[in-house]
Amino acid sequence: MTAPRIVATGVGVISTIGAGREQFEDNLYAGCAGIGPSQMFGEEAITAEVRDFVPQTWLGTKGIRVLDRAARLLCVAAEMALSATGLKQPENAEGDPQFGLVCGTMFGSVHSITSFDWSGQTDGVKYVNPMEFPNTVINSPAGQAAIKFKLRGVNSTISAGLASGLYAIHYAAEFLRFGRASALLAGGVEELCEESFVGFRKAGVLSASGRSRPFQAGHDGMVLGEGSALLVVETEERARARGVTPLFEIAGFGSAHDAHAINAFHVRGQGAAAAMRQALEAAGLTPADIGCVIAGASGSPAADQMEWHALKEVFGPRLGELPVSAPKAAFGEAMGASGALLALCGATALRRQHAPPTAGFIGADAPLRLSAQAQPFSAHAVLVNCFGCDGNNASLVLKSV
Amino acid sequence: MKRVVITGAGLITPVGAGREEFWRSLVAGQSGIAPVRSFDTSDYPVHIGAEVKAFDPAHWVRNRDPESMGRGSQLAIAAARMALDDAGLSLSAFAPRRVGISMGTTSGEPGFVEKYNDIRKAEGLDALPADLGAKYPCNVIPSNVAIELGLQGPCLMIPTACAAGNYAIGYGFDLIRTGRADLMLAGGADPFSRITYTGFARLGAIAPEKCQPFDRNRKGMVPGEGAAVLVLEPLEAALARGARIYAEVLGYGVSCDSHHMTAAHPQGDGAIRAMDMALRESGRSPDEVDYISAHGTGTPTNDRVETIAVKTLFGRRAPQVPMSSIKSMLGHTMGAASAIEAVACALALHTGVIPPTINFTEPDPDADLDYVPNTARQTNPRLVLNNAYAFGGNNASLCLARFEEAA
């Protein structure tokens with residue numbers, strides 16, 4: 001049995017550098033960064049928020065009130081992806097029972113669950129609003145999106161820390177290979193909220209200078225972001241049968257755990273290197289086939305160093321000539337949404353045959369070929385990385401179709 | 001594709017720890033439900049829960065400080081260690097990158113949300129400890145197991161609420177089947193939480209005295225906690241090492257009601273599709289199923305809808321298929337529930353005995369199937385379905401078979 005090729009045929013994205021694929025790509029390639037003063041936590045806090053977010057622009061007003069911020073972000077991405085691919089289920093139809101959603105997230109519903117518990121601890125448990133309970137489960141954004149868009153197939157929420165988005169895309173591809181779905185929305189979502197922001201700030205891992213400078217001189221931590229990106233994935237055969245031209249192929253995934261610590265990167269990067277090698281092998285490629293690397297680096301010195309070590313191990317001397325892009329310079333560390341946002345960067349790089357600029361690049365801390373400008377390459381495959389501080393590493397290879 | 005078998009099981013549950021104690025309790029129809037001890041319930045209208053008693057994290061978490069992680073991780077590590085012991089496996093026999101873990105949960109490590117709010121209330125957020133944030137995201141549960149045991153392969157949390165265990169076992173099954181891993185630990189973990197308890201209490205869903213699924217007088221579910229981890233490996237590896245095989249995993253099915261966040265589809269649409277998909281993937285028909293481990297929470301709606309779903313799929317044969325809910329004894333252990341129930345299914349296939357639904361006194365005209373009332377039964381099942389349903393409209397059914405060489 002030949003394994004069917006899994007392709008992406010549509011994209012929905014909402015991020016600090018833009019809503020919708022075109023705006024996201026244009027801003028990414030213009031070197032724009034969405035890092036700046038927070039609307040949520042006061043101006044002295046620097047974040048990569050989705051600013052002036054008005055979900056009604058895409059979703060109308062019906063049913064919005066019950067959705068928390070993560071669910072709103074996810075539903076906006078879903079609306080765009082479905083509209084772009086003609087897969088939006090008609091108003092009066094039941095919905096395709098094989099069409100589903102695989103959603104990566106890290107902190108999930110942390111704001112809703114904390115608010116719910118806070119109400120119990122301050123108002124008293126007798127006064128807690130039971131209508132707010134459903135939003136406390138980690139899979140609530142995915143469940144809400146399923147109701148809104150009649151997604152009746154698999155509805156999995158996937159959590160692998162900062163690598164969640166890539167795991168979700170891989171999980172969706174596996175479901176399609178097994179014939180368990182007709183098509184799937186796959187990607188991730190994360191909302192920025194007080195709980196995650198305070199947690200990271202207390203841990204001392206946020207950039208004190210308020211800059212997101214992956215791999216760069218003076219990198220001093222990450223800037224927290226948020227957003228949602230979803231791909232429509234299906235088999236190539238099905239896409240062609242319904243007259244749709246695939247955007248790119250999801251060609252290979254790799255994952256490896258460092259089994260080292262829950263809140264520290266394994267600087268030697270053996271797990272990260274293993275994830276990259278597995279992804280290449282699964283795609284039937286060698287490092288020489290890769291045109292550019294979309295790095296997961298977020299400006300946290302240990303993480304950047306780990307990724308550099310791992311890249312050196314996988315690409316050897318060729319690393320000096322391989323274009324590398326670190327898009328978190330533009331949209332910060334969007335946690336559970338990062339993987340899908342980075343995959344979208346990789347897809348755009350493939351199409352444009354240019355690695356995206358690393359916004360505001362001022363000179364590398366590591367000898368990597370980064371640039372504030374888009375860097376040309378000529379190849380049919382790119383590598384996307386997501387490495388988490390809990391030791392979980394994931395890599396994804398995307399190919400042109 | 002490889003055949004996948006279950007060769008080990010580790011559990012920490014309200015009715016006991018370890019496969020043997022767990023199974024003895026279940027077959028004897030013992031309940032693990034008791035007055036809640038982990039927090040004061042005087043402000044609640046209900047006071048019972050299904051907590052894990054006498055759990056000593058330090059006995060299981062040996063390579064790190066047990067207090068450096070939450071109870072969800074502690075329970076998961078205990079279950080994982082027991083599962084490996086039960087399988088008679090030493091991890092040193094495996095390439096570390098070929099051993100992975102996949103877990104399910106509803107609320108992950110909610111203890112840190114409680115701690116966050118307790119500190120916020122007492123001292124303000126400035127007093128938060130630096131390491132609190134990193135301990136919370138639910139992916140730390142499988143990561144903590146991986147770190148404790150040195151697992152360097154795939155590591156995933158699937159937080160699909162109360163059906164999560166089945167999703168996680170399904171993912172582990174997929175990785176073994178396709179040869180991506182040589183050994184997978186798969187299951188679920190959920191700690192007892194005042195948040196979960198508050199939510200279900202405010203929904204009016206908690207039973208006041210006991211959990212009595214499918215009984216006419218059922219009054220609700222009972223929140224619980226626990227963890228279960230199964231050892232999954234390729235059949236040929238299990239045979240080669242002469243392993244004890246509890247059951248074979250044949251397939252699974254998942255679906256979404258896309259109807260309501262907390263209420264099941266009234267006709268059981270998603271539940272029917274999940275069971276149907278699991279059987280199709282397994283190459284089996286409803287006629288061959290001879291035991292169903294029900295989701296069976298004990299709420300009036302769940303048990304009615306699950307009965308409708310089984311009747312729709314199994315037709316006239318439905319009353320002949322025994323279907324029991326071990327939640328009558330364990331309460332609802334949330335994301336761990338379907339993993340614990342999967343162990344029960346595997347042991348039913350292995351021992352030939354199906355566990356009962358206890359507290360069953362009066363049949364319900366709306367729920368008129370064979371719920372294996374009150375007493376375990378020797379039926380020697382060969383093919384079983386493990387049902388699990390969840391908030392978000394998630395449904396997952398897992399299909400297991402008694403191991404027979406020429407399947």
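## Where the two chains meet

In this predicted model, 59 residues of chain B are in contact with 68 residues of chain A. On the side of chain B that touches chain A, at least two residues each are supplied by helix 4 (111-122), helix 5 (132-135), helix 6 (140-149), strand 6 (155-158), helix 7, helix 8 (194-202) and strand 9 (247-256) of chain B. Sorted by class, the side of chain B that touches chain A holds 30 nonpolar, 20 polar and nine charged residues.

The predictor assigns the complex an ipTM of 0.97 and a pTM of 0.98. For chain B the mean pLDDT is 97, and 100% of the residues of chain B reach 70 or more.

## Chain A as a whole

Chain A contains twelve helices and 15 strands. Its radius of gyration is 20 Å, close to the 21 Å that the globule rule gives for 401 residues, so chain A is as compact as a globular protein of that length. Taken along the principal axes, the C-alpha atoms of chain A fill a box of roughly 65 × 50 × 40 Å.

Of the 401 residues in chain A, 64% count as buried. Among the contacts in chain A with a separation of 6 or more, 78% are between residues 24 or more positions apart.

## The two domains of chain A

Chain A is divided into domain 1, which covers residues 6-241, and domain 2, which covers residues 251-399. The C-alpha centres of domain 1 of chain A and domain 2 of chain A lie 21 Å apart, and 56 residues of domain 1 of chain A are in contact with 57 residues of domain 2 of chain A.

On the side of domain 1 of chain A that touches domain 2 of chain A, strand 1 (6-15), helix 1 (21-29), helix 6 (164-177), strand 7 (183-190) and strand 8 (227-235) of chain A each supply at least two residues. Helix 6 of chain A provides the largest share of that side, with seven residues. By class, the residues of the side of domain 1 of chain A that touches domain 2 of chain A divide into 31 nonpolar, 21 polar and four charged.

Within chain A, strand 14 (residues 381-387) is mostly covered, with seven of its seven residues buried. From this strand, A:Ala381, A:Leu383, A:Asn385 and A:Phe387 point one way, while A:Val382, A:Val384 and A:Cys386 point the other way, and all are buried.

Which strand pairs with strand 14 of chain A in the parallel sense? That partner is strand 10 (residues 290-294) of chain A, and the pairing extends over four bridges; here A:Val293 stands opposite A:Leu383 in strand 14 of chain A. Strand 15 (residues 392-399) of chain A, in turn, runs antiparallel to strand 14 of chain A and is joined to it by seven bridges, with A:Val382 standing opposite A:Leu398 in strand 15 of chain A. Strand 14 of chain A and strand 15 of chain A form a hairpin with four residues between them, and in the turn A:Gly391 has a positive phi of about 95°.

## Chain B as a whole

Chain B has 13 helices and 15 strands. The radius of gyration of chain B is 20 Å, close to the 22 Å that the globule rule gives for 407 residues, so chain B is as compact as a globular protein of that length. The C-alpha atoms of chain B fill a box of roughly 65 × 55 × 40 Å along the principal axes.

In chain B, 66% of the 407 residues are buried. Of the contacts in chain B between residues at least 6 apart in sequence, 80% join residues at least 24 apart.

## The two domains of chain B

Chain B is divided into domain 1 (4-240) and domain 2 (251-401), and the centres of domain 1 of chain B and domain 2 of chain B, taken over C-alpha atoms, are separated by 21 Å. The contact between them takes 59 residues from domain 1 of chain B and 56 residues from domain 2 of chain B.

Strand 1 (4-13), helix 1 (18-28), helix 7 (164-177), strand 7 (183-190) and strand 8 (226-234) of chain B each supply at least two residues of the side of domain 1 of chain B that touches domain 2 of chain B. The largest share of that side, eight residues, comes from helix 7 of chain B, a helix that also supplies at least two residues of the side of chain B that touches chain A. The residues of the side of domain 1 of chain B that touches domain 2 of chain B comprise 31 nonpolar, 22 polar and six charged.

How values were computed:
Residues are numbered from 1 along each chain as its sequence is written. Chains are lettered from A and ligands numbered from 1 in the order in which they are written. This is a predicted model: local features need pLDDT of at least 70, side-chain atom pairs count only at pLDDT 80 or more; totals for chains, interfaces and linings use all residues. Domain bounds come from an automatic or database domain assignment. Two residues are in contact if their C-beta atoms, placed from the backbone, lie within 7 Å. Ala, Val, Leu, Ile, Met, Phe, Trp, Tyr, Cys and Pro count as nonpolar, Asp, Glu, Lys and Arg as charged, and the others, Gly among them, as polar. pLDDT is the predictor's confidence in each residue, from 0 to 100. The radius of gyration is taken over C-alpha atoms; the globule rule is 2.2 Å times the number of residues to the power 0.38. A residue is buried if 20 or more other C-beta atoms lie within 10 Å of its own, exposed if 12 or fewer, and partly exposed in between; C-beta atoms are placed from the backbone. Two strands pair if DSSP finds at least two bridges between them.
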